[in-house]
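I opened this model to look at how its chains meet. My entries follow in the order I looked things up.

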Protein chains: 2
Amino acid sequence: MKANSTDTGDMYARILDTAETLLRRFGPEKLTVTDVARAMDMSHGNVYRHIPSKAALRAAVIARWLEKVSHLTDAIAQNAGPADQRLREWLVELAVIKQRKVTEDAEMLAGAALVVRESPDVEQEHSARLRIQVIKILQDGLKDGTLPHAGDVGVSASAILNATFRYHHPDLVAKGGAPEKQLAALQDVVSLILAGLQRLPE
Amino acid sequence: MKANSTDTGDMYARILDTAETLLRRFGPEKLTVTDVARAMDMSHGNVYRHIPSKAALRAAVIARWLEKVSHLTDAIAQNAGPADQRLREWLVELAVIKQRKVTEDAEMLAGAALVVRESPDVEQEHSARLRIQVIKILQDGLKDGTLPHAGDVGVSASAILNATFRYHHPDLVAKGGAPEKQLAALQDVVSLILAGLQRLPE
């Protein structure tokens, strides 16, 4: 429901800012369009013009929050350094972001879990963005010679994300024990993955 | 509480057989020592001599069930074929066993989830047994030359099990979509892992 003109775009962003604050304070189940309108001193009809429902409001807040995550990791994907090092850095950075969210952002994670069920496309788009970043790094690795065995980069990117799933999935990170132990285990998985990608084709 | 003489050993096995049947029928929460005694036409004092509590009964049933799983995969670990092929076979076999349990053995899985919380040592022993099997295959691969890059086999075994976690963890298998799609994705992860292990040291 994002409108085109800058004014309505600003209003949309302000609605999401307010909604995010309320979601963090009261939890995702209690976030309503009416409460957002009240907090912004607007009529709820005015807010409904931008966001049609409670589910859409939650989905929009979580979608923006996930975009911030993929924006952070994208900085590594777009870097100029050796691709093999960037792949390690990217996988560790994503794990560190997820660990931080687990310890510091429980309400947003609860919101994300709800949105995954209600609006699966929000998570699918996020996963697709992350996969595109890994594909970019693998393509760079074929070019700079640091990942000569990257092969079919789409297949490899999916396999890499699947192989590191337990360090990136919030529920598994939350149940996975001490953060530093998880990161050490992830480093070993990344070494295993990199050994295969770095291997020279026969 | 397993006793030494064959007679009490037999009795212990019969108690677990009965308990497993009851657990499958009524679920893990409802499994009691008293019900097992009634089903076996014994006094419950007699059953308590072998199993001291409801939690111990659940744990013993699940421990035996998990031993059957590791017994199946151990056949592959102890085989004589090329180690790289056996590693793939082992990882796929474990995933197939877990998929079967998810579709056919929901009550036992619920029991396992409960036991993991109540008696974490049961799952830890199971994980340790599986890891020893992977270590065995990696050692074989160093000897037969099919996995020359297996390196520190303990570290590699843990990394391999962590990298395939989402295909072996019952909850993730249950939520992971179509079994054949999961197996195809696992095959790609295994190829990625094998490429690293097969790589010749530089």
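**Entry 1: one residue at the contact**

I started with Asn162(A), which lies in helix H8 of chain A. The model is predicted, and I read every value with that in mind. Is Asn162(A) buried or exposed? I found 15% relative accessibility for Asn162(A), so it counts as buried, because the cut-off for buried is under 20%. Next I listed its contacts, leaving aside neighbours within four places in sequence. Asn162(A) touches Ala163(B), Arg166(B), Tyr167(B), Ala185(B) and Val189(B).

**Entry 2: the interface**

I then moved out to the whole contact between the two chains. Chain A puts in 20 residues, and chain B puts in 20 residues. How much area do chain A and chain B bury between them? I read about 1800 Å², with 69% of it on carbon and sulfur atoms. I looked for salt bridges between chain A and chain B and the count was 0. For polar contacts across this interface I got 4 residue pairs, both residues at pLDDT 80 or more.

Which helices of chain A each supply at least two residues to the side that touches chain B? I noted H8 (153–163), H9 (165–168) and H11 (179–198). H11(A) gives the most, with 9 residues. By type, that side of chain A divides into 13 nonpolar, 4 polar and 3 charged residues.

**Entry 3: the annotated domain**

Last, I checked the record. An unreviewed UniProt entry places "domain: HTH tetR-type" at residues 9–69 of chain A. Over residues 9–69 I found 77% helix and 0% strand. The end C-alpha atoms of that stretch are 21 Å apart.

Terms used. Residues numbered from 1 in each chain as written. Chains lettered and ligands numbered in written order. Predicted model: local features only at pLDDT ≥ 70, side-chain atom pairs only at ≥ 80, totals over all residues. Heavy atoms only, no water. UniProt positions renumbered as here; feature names shortened; annotations may be inferred. Helix = DSSP H or I, 4+ residues; strand = E, 2+ residues; numbered from the N terminus. Contact = heavy atoms within 4.5 Å. Buried area = accessible area lost by both parts, 1.4 Å probe. Salt bridge = Lys/Arg side-chain N within 4 Å of Asp/Glu carboxyl O. Polar contact = N/O pair within 3.5 Å; in protein donor to acceptor, adjacent residues only side chain to side chain. Nonpolar A, V, L, I, M, F, W, Y, C, P; charged D, E, K, R; others polar. Buried < 20%, exposed > 50% of the residue type's maximum accessible area, 1.4 Å probe, protein only.
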